[in-house]
Amino acid sequence: MFRPLLTTACLLALAACQSPATAPTSGDTSVAPQPATAIQGRALYLERIAPPPGAVLSVQLIDNQLADTPAAVIASADFADVKGPPFVFSLPYDPAKLRPNGLYGLHAGLRDARGTLWFVTDTRVPVTPGASAPVEFRMVRAGGEPVAPVAGTPWEQAKARGSVFRGIGTEPGWSVEVGGGTTPRLSADLDYGERKVEVAQTRRTSDGYVGSTGDGLAVSLTTKRESCSDGMSDTEYPASAILTIAGKTYRGCGRFLTE
């Protein structure tokens, strides 16, 4: 009887020492969800026409507060041979490029195989990176004419349009351009491009420009040659700019484009 009892005791000891890693488990074994690193979306248009053959949907994630700097584009992707509308896409992005309390938007366009722009977003679509809900937006019909890529920085593009001064600011994002001549035109994009202001003719002053819009809004732009920082990046500008429209003031920086 001694040997069988000893064998049974050894087997019980081994069972008691079994590793928890090999023991059967029960309950919820699902893995905790990871932070989203892609924006899920649906782009559509209302016109009852099929997309062109070989259609390509281009989507960009933009940092609205850095719209005029090289760091503005957080992510960009082309989706070839899309089917729709709606055009379903997943835009990957690097969370390390996001800033605390940043404001972000999407820009999208649909082109055919020749590069002709058919549909495009007419305003930046607000988006919150990391949100679980897909973002859906509508594109509007473009002119249907071939659109060549625009070369150069926004400052070089403004100079090519004949502007002599360009200013930008943040919170909310805005930009202004002034043309050449004795009574130059002034155009401004306000509130991250949501609002546009045009002055057909301005009057030069010792401090800048003054004028009014077609509906009577008073507009003034004060420029001063001094070192200026936009407060959002490390870029230093050679001029400061203060844009006032109907009593509301926008402060920022700028450049004289003919120098």
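**Contacts, strands and cores in a predicted model**

Me: Which residues does S240 touch, leaving aside those up to four places away in sequence?
Reply: In this predicted model, S240 has its place in strand β17 (residues 236-245). Not counting residues up to four places away in sequence, S240 touches F165, T222, T223, K224, E226, C228, G252 and C253.

Me: Is S240 buried or exposed, and at what relative accessibility?
Reply: The cut-off for a buried residue is under 20% relative accessible area. S240 falls below that cut-off and therefore counts as buried, its relative accessibility being 12%.

Me: With which side chain does the side chain of S240 make a polar contact?
Reply: E226 is one of the residues that S240 touches. A polar contact at 2.8 Å joins the side chain of S240 to the side chain of E226.

Me: Which side chain meets that of E226 in a salt bridge?
Reply: E226 counts as partly exposed, at 33% relative accessibility. K224 is likewise partly exposed, at 49%. With N to O at 3.9 Å, the salt bridge of E226 is made with K224.

Me: Which residues form a disulfide?
Reply: The count comes to one disulfide. A disulfide requires cysteine sulfur atoms within 2.5 Å. The sulfur atoms of this pair are 1.9 Å apart, and the residues are C228 and C253.

Me: Where in the chain do C228 and C253 lie, and how many residues apart are they?
Reply: Both C228 and C253 are buried, and the link between them is left-handed, with -70° about the S-S bond. The pair joins distant parts of the chain: C228 belongs to strand β16 and C253 to strand β18 (residues 248-256), a separation of 25 residues.

Me: What is the order of the strands in the open sheet of nine strands?
Reply: The pairing in this sheet is antiparallel. Its edge strands, each pairing on one side only, are β13 (195-199) and β14 (203-204). The order is β13-β12-β11-β10-β18-β17-β16-β15-β14.

Me: Which residue of β16 stands opposite G208?
Reply: Strands β15 (residues 208-212) and β16 (residues 218-229) pair in the antiparallel sense over five bridges. In β16, the residue opposite G208 is T222.

Me: Why is strand β11 described as largely enclosed by the rest of the structure?
Reply: Both faces of β11 are covered, with W174, V176 and V178 on one side and S175, E177 and G179 on the other. Strand β11 (residues 174-179) is largely enclosed because the number of its residues that are buried is six of the six.

Me: How many bridges join β11 to β10, and how many join β11 to β12?
Reply: Strand β10 (residues 163-169) pairs with β11 in the antiparallel sense, and I168 has S175 as its bridge partner. Strand β12 (residues 186-190) also runs antiparallel to β11, with A188 opposite V176. The β10 pairing has six bridges, and the β12 pairing has four.

Me: Which residues are linked with E177 in a network of salt bridges?
Reply: E177 counts as buried, at 10% relative accessibility. Its closest N and O atoms are 2.4 Å apart in the salt bridge with R161 and 3.9 Å apart in the one with R166. R166 is buried, whereas R161 is partly exposed, with a relative accessible area of 49%. The residues in the network with E177 are R161 and R166.

Me: Which residues have the most contacts inside the largest nonpolar core?
Reply: This core has 26 residues. The elements giving two or more residues to this core are β1 (38-44), β2 (56-63), β3 (73-80), β4 (87-92), β5 (104-111), β7 (125-127) and β8 (135-138). Apart from it lies another core, of 19 residues, including W174 and Y209. In the largest core, the residues with the most contacts are L57, L61, F89, L91, L106, L110 and M139.

Terms used: Residues numbered from 1 in each chain as written. Predicted model: local features only at pLDDT ≥ 70, side-chain atom pairs only at ≥ 80, totals over all residues. Heavy atoms only, no water. Core = buried A, V, L, I, M, F, W, Y, C linked by side-chain atoms within 4.5 Å. Buried < 20%, exposed > 50% of the residue type's maximum accessible area, 1.4 Å probe, protein only. Pairing = 2+ DSSP bridges. Polar contact = N/O pair within 3.5 Å; in protein donor to acceptor, adjacent residues only side chain to side chain. Contact = heavy atoms within 4.5 Å. Salt bridge = Lys/Arg side-chain N within 4 Å of Asp/Glu carboxyl O.
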